Amino acid sequence: MYKLLALDLDGTVLKSNHTISPVLIDKIQQLSQKVPVVIVTGRHHTAARPYYLQLGLTTPIICCNGTYVYDYQNEAVLQHNAISKESAKQFIELVELHDMKAVMYVKDAMLHSVHRPLNYVNALSLWADTFADDIKPCIQKVDSFHDELEKHEHIWKFVVEGDQVAHFLDLPFVKNNFNGEFSWSDRIDFSNKGNTKGAALAEYLAKKGFTFSEIVAVGDHHNDISMLQRAGVGVAMLNADAAVKEHANMVTAATNDDDHVLAGIIDTFFD
């Protein structure tokens, strides 16, 4: 029997309407009583919190594509490889120079510009408003990213959006100092060089005395490849694109919108 289950959120645990199947909630809650279930996500911990609570987990969560590990039980960062303030400053200058839109993930919030808001972040804000204040994801509009740099302890990642985002990824400073992964056709997540889901999961497993061969990992996007290709069983969702599926041991029989498909994977490998 495998000793740990690593799960991506968006496109995997979450359905297209950003809900979790009640069948899957029940299955994960049952499994977590026997083996660790670890969420490994591109999300900020503030934006993953409602789902984490819904699943009833107690394990730490790996956030922002492996940038940091967060412990909800003690509201503490356990490990991180954050972007330096100097690198963040230069990155923001390039964002402005190339007329891109951006989101800056700081220690406890997601920040976007009042001058250049992003539609998907506005939608995310409306979703966040549906939660009670004590679990509400913290998403804020700010006047200046430069001013915010001085206020926050950690800079986790940037999300950059624009028609020329692929060109932005190839800028020498960006290429040499950041890890860039597409999260949409015109949107790239930028974290500190070397940060991946697989790297952070490897460090977590080592601390727990597990190896990759002893785990099952499930995901659907390019940022999941680093953990899928190393896991004992790497499972790609049917809704993943071909490049992701090539790095998996198996592909699910249905998409993330099926109520039973992930519950079936759990039964197969953890029963």
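**View 1. Pairing of strands β10 and β11 in the predicted model.** Strand β10 (residues 178-184) pairs with β11 in the antiparallel sense, over six bridges. A hairpin of two residues connects β10 to β11. Asn-179 stands opposite Ser-191 in β11.

**View 2. Strand β11 and its pairing with β9.** Strand β9 (residues 155-161) runs antiparallel to β11, and five bridges join them. Val-159 stands opposite Asp-189 in β11. Six of the six residues of β11 (residues 187-192) are buried, so this strand is largely enclosed by the rest of the structure.

**View 3. Buried and exposed residues of helix α4.** In α4 (residues 119-128), the buried residues are Val-121, Leu-124, Ser-125, Trp-127 and Ala-128. They lie on the same side of α4 because they cover an arc of only 160 degrees around the axis. Exposed residues Asn-119 and Leu-126 sit on the face turned away from the buried side. The packing partners of the buried α4 residues are α2 (45-55), β6 (101-106), β7 (109-113) and β8 (139-142).

**View 4. The largest nonpolar core, with the surroundings of Leu-5.** This core has 49 residues, and Leu-5 and Val-13 have the most contacts inside it. Helix α11 (residues 261-270) gives the most to the core, with six residues. Neighbours within four places in sequence aside, Leu-5 is in contact with Leu-31, Pro-36, Val-37, Val-38, Val-216, Val-218, Ile-266 and Phe-270.

**View 5. A second, separate core.** This core has 25 residues, among them Phe-91, Val-95, Met-104 and Ala-109.

Definitions and conventions. Residues numbered from 1 in each chain as written. Predicted model: local features only at pLDDT ≥ 70, side-chain atom pairs only at ≥ 80, totals over all residues. Heavy atoms only, no water. Buried < 20%, exposed > 50% of the residue type's maximum accessible area, 1.4 Å probe, protein only. Helix = DSSP H or I, 4+ residues; strand = E, 2+ residues; numbered from the N terminus. Arc of directions from axis to C-beta. Contact = heavy atoms within 4.5 Å. Core = buried A, V, L, I, M, F, W, Y, C linked by side-chain atoms within 4.5 Å. Pairing = 2+ DSSP bridges.
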